[in-house]
Structures are given as C-alpha cells and as structure tokens.
Amino acid sequence: RIEVSMNPFARGGLRNVYRMKQKFEIQQVAKESRHDIKYNERHKFHIETVKCQTQALLHARYFNKRITNTENKKKQGQQAYSLADVPYIDVLQAEVYRLKPPSGPGRFRYLAVENYLEGNYEKWNNNDGFVNQSDCVKCK
C-alpha cells in the first residue's frame, strides 16, 4: 500500500514534491510535474527525469574519484593541487512509480520517487541559471 499526500510540501521550477509512505519503507518523496503534460507524455517525462538523475550520479562518482586520486597523489609527495576542502557530491537515486488512483477512469499517475532527506533544504542551482554562491569553494 502506498500513500501520497494530497498537497505538495515543496515546489521546484518543474515539479511539485509530495510526502509519500509505503508500508514498512523509509519515508520518501514523490515528485510530479507542475505543468500540464499530456497523459501519454507523462511516463516519458518521469523516465527522462530519472535518466538525468542517474547521469548526474555517475558524474558525481567520477568527480569524487578524481578528488580522492588527487589527494592520494599529494599524500605520496607528488605535485597536485589540494582538494581537501572540496566536498564530496552525492545524488539521490530515483525510480518511476505508476499508481492507479483510488477513483478515476483507469488513468495512472506517474511519479518520480526518491528517499526523503531530513533537515533543511538549500537550493544550489536551478534551470534558469541561478547558482547559490553562499558557501562555494572558491577556485584558485
């Protein structure tokens, strides 16, 4: 059994974010487009979103590996820039869920679902070019 709240608790530039619970699962969030998307395009929208997050995760792993390799070179006495202050990057893994609403004419609701993160959320960038530089590591 899956329960999704009726009202979003957060809104991004593209999607609304809802609290979601599954029996015996950790707390999750379900994301759904804020914009009108034709019914036959909704599944594709969420699949593309998950593909993008998966690609970001792969880039984050590569980035983190490069930081580790650079720091290991420095420890071995090889010349390398210090990246000790550069934070590791992690990206949440998402899945697409297809839910049948309790009422309605057989149409499904598609959601991108990921684990809920505790704490305060700070937006670092968006699709309109905004970049939060409040706590950025400065380039040398």
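How many aromatic pairs does a search of the whole structure find?

## The aromatic pair

The search finds one aromatic pair, where pairing requires ring centres of Phe, Tyr or Trp (its six-membered ring) within 6.5 Å, and planes under 30 degrees apart are stacked, over 60 edge-to-face and the rest tilted. The centres of F9 and Y116 are 6.2 Å apart and their planes meet at 65°, so this pair is edge-to-face. Because F9 lies in the loop between β1 (2–4) and β2 and Y116 in the segment after β6 (109–115), the pair ties together parts 107 residues apart in sequence. Strands are DSSP runs of E of at least two residues, numbered from the N terminus.

F9 is partly exposed at 37% relative accessibility, and Y116 is partly exposed at 22%; buried means under 20% relative accessible area, exposed over 50%, and partly exposed in between (1.4 Å probe, protein chains only).

## Basis of the model

The model is predicted: local features need pLDDT of at least 70, side-chain atom pairs count only at pLDDT 80 or more, and totals for chains, interfaces and linings use all residues. Residues are numbered from 1 along each chain as its sequence is written, and side-chain values use heavy atoms, with hydrogens and water left out.

## Charges over rings

The charged end of R19 sits over the ring of F9, 4.2 Å from its centre. This term requires NZ of Lys or CZ of Arg within 6 Å of the ring centre and within 35 degrees of the ring normal. R98 lies over the face of F108, 3.9 Å from the ring centre.

## Surroundings of L14

L14 belongs to the loop between β2 (10–11) and β3 (15–22). With a relative accessible area of 41%, L14 is partly exposed. Beyond its neighbours within four places in sequence, L14 contacts E32, S33, R34, H35 and N127 (heavy atoms within 4.5 Å).

How values were computed: Helices (H or I, at least four residues) and strands (E, at least two) are DSSP runs, numbered from the N terminus.
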